[in-house]
Amino acid sequence: MGHWAKTRLFREVTQGLRSHVRNRVTTRMGEKRIAVIGAGVIGLSSTMHLIANLEKDNIRHVVDVYASEFTPNTTSDGAAGLWEPLLCGSKTPVEQVDHWGRETYTWLRYLRKKDIAGEIGVAQYSGYNLFSAEEFDGDPFWKDSVIGYRRAVPAEWEGIDMNLTVGYYFVSMMVQGNRYCKWLTESLRRRSAIQFYQRKILSLSEFSGKYDLVLNCTGIGSHDLLNDHKVYPVRGQIMKVEAPWIKNFTVAMTEGEVAYVIPCVDHVVIGGTMQDGNWSTESSPIDRASILEKCYRLEPSLKNARIVGEWTGLRPTRQECIRLEREQWNCSATSSSLQVVHNYGHAGGGLSLHWGCAADATDLAYQALGIVRRPSLERDYAYQFLQSDSHLSSRL
Ligand SMILES: Cc1cc2nc3c(=O)[nH]c(=O)nc-3n(C[C@H](O)[C@H](O)[C@H](O)COP(=O)(O)OP(=O)(O)OC[C@H]3O[C@@H](n4cnc5c(N)ncnc54)[C@H](O)[C@@H]3O)c2cc1C
């Protein structure tokens, strides 16, 4: 069945189930009713962490995942997927971001050794971050979390016409968003306790009285859903080229400009743009010309590479910090409250931080659900969970 037909079938099935969900009442003692909003890498990995822990702890649950878009149409699907954590706002503590990044790096290195690594878009690449003098801000905070970090020497940027004077080299991980999100989605869809609904949520009040917990993983969508005006887009346009001879990534920052060449599993991504406050997801010919011009300077051999794709997405950025916290949300219309765990605002680093953030979101979810024990997930258990079928389901 083609992708379009599958999507239509998915919509028809989910639409048919909607009225049932609206009317559903708890039927089993102690069963936890959970709604997740968002099915990008943050929503999928948070759902996976939470469900795996609940299954492990023998806690009955039903989970409904709502999203306007599913794979392959989320921001996470389009991202290059290079592991390189960003601070994501001046008030997110550095140690915290470093922890989330390290957890994710370790998870991706674990997956890389599995036979499915290529299929799910996970690979190891090393490469460079290079800078002009005025752009360099010292060694990155995550330098001790990666393998093989060292300063680059001038011979390594020789021949690049970009006024580069300093840089570093390290072993990074690649997680190609579309392959990875497909794997997570398919794994979760095999579990009968989980159902998916393609639908835009207009207010959290839709869930009031129906769920014990809502996980909000809506990325840029939190701007409208929560009226959170700290959330804004940083628009990124990229191109995909066929260049199998490119084996290292290179990210160059010069005079407020960024140019990068990043090999993924299926193609090489070249970019990009970083446009604060620009909500357009249309690709622009001006940006296309600028990307080609700077990437040809960075990697002249790309002039012989066939262009195979183009994509534009919005980095879900939040002033000051990522929002990973609990909230007791009060619904004025019904005078009731709802337990919410927020996990959004990962800017240009969601794929680099997702695994660590999902673990912390699960910790907060356990507290919100009143579960006394602490969740914990061994990598082997998580992997087995993702590869297996449901073994504890409230919907059977
Ligand atoms: C050009 C570009 C390159 C990037 N490269 C990298 C990279 O190399 N490495 C890296 O780590 N990161 C990169 N990023 C950043 C990364 O893509 C994001 O940080 C990550 O995708 C955020 O994941 P998310 O799940 O929060 O958001 P999304 O993937 O946008 O998912 C949000 C989900 O919420 C749903 N949703 C939103 N609002 C509602 C609503 N009201 N009702 C129902 N559903 C809703 C959406 O439909 C979607 O399912 C890049 C981003 C861009 C744009």
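In which helix do Tyr-180 and Trp-183 both lie, and how many residues apart are they? In this predicted model, both belong to helix 5, where three residues, or about one turn of the helix, separate them. An α-helix has 3.6 residues a turn, so residues three or four places apart point the same way. Tyr-180 and Trp-183 form a tilted aromatic pair, with 6.1 Å from centre to centre and 45° between the planes. Tyr-180 is buried, at a relative accessible area of 0%, and Trp-183 is buried as well, at 8%.

In helix 9 (residues 379–387), the buried residues are Ala-382, Tyr-383, Phe-385 and Leu-386. Because they cover an arc of only 160° around the axis, they lie on the same side of helix 9. Their cover includes helix 2 (41–56), helix 4 (94–112), helix 5 (177–189) and helix 8 (350–368).

Strand 7 (residues 213–216) runs parallel to strand 15 and is joined to it by three bridges, with Asn-216 opposite His-342. Strand 14 (residues 323–331) runs antiparallel to strand 15, through nine bridges, and here Arg-326 stands opposite Val-341. The hairpin of strands 14 and 15 has four residues between the strands, and in it Ser-335 takes a positive phi near 50°.

Technical notes
Residues are numbered from 1 along each chain as its sequence is written. This is a predicted model: local features need pLDDT of at least 70, side-chain atom pairs count only at pLDDT 80 or more; totals for chains, interfaces and linings use all residues. Side-chain values use heavy atoms; hydrogens and water are left out. Buried means under 20% relative accessible area, exposed over 50%, partly exposed in between (1.4 Å probe, protein chains only). Helices (H or I, at least four residues) and strands (E, at least two) are DSSP runs, numbered from the N terminus. The arc is that of the directions from the helix axis to the C-beta atoms. Contact means heavy atoms within 4.5 Å. Two strands pair if DSSP finds at least two bridges between them. Rings of Phe, Tyr and Trp (its six-membered ring) pair if their centres lie within 6.5 Å; planes under 30 degrees apart count as stacked, over 60 as edge-to-face and the rest as tilted.
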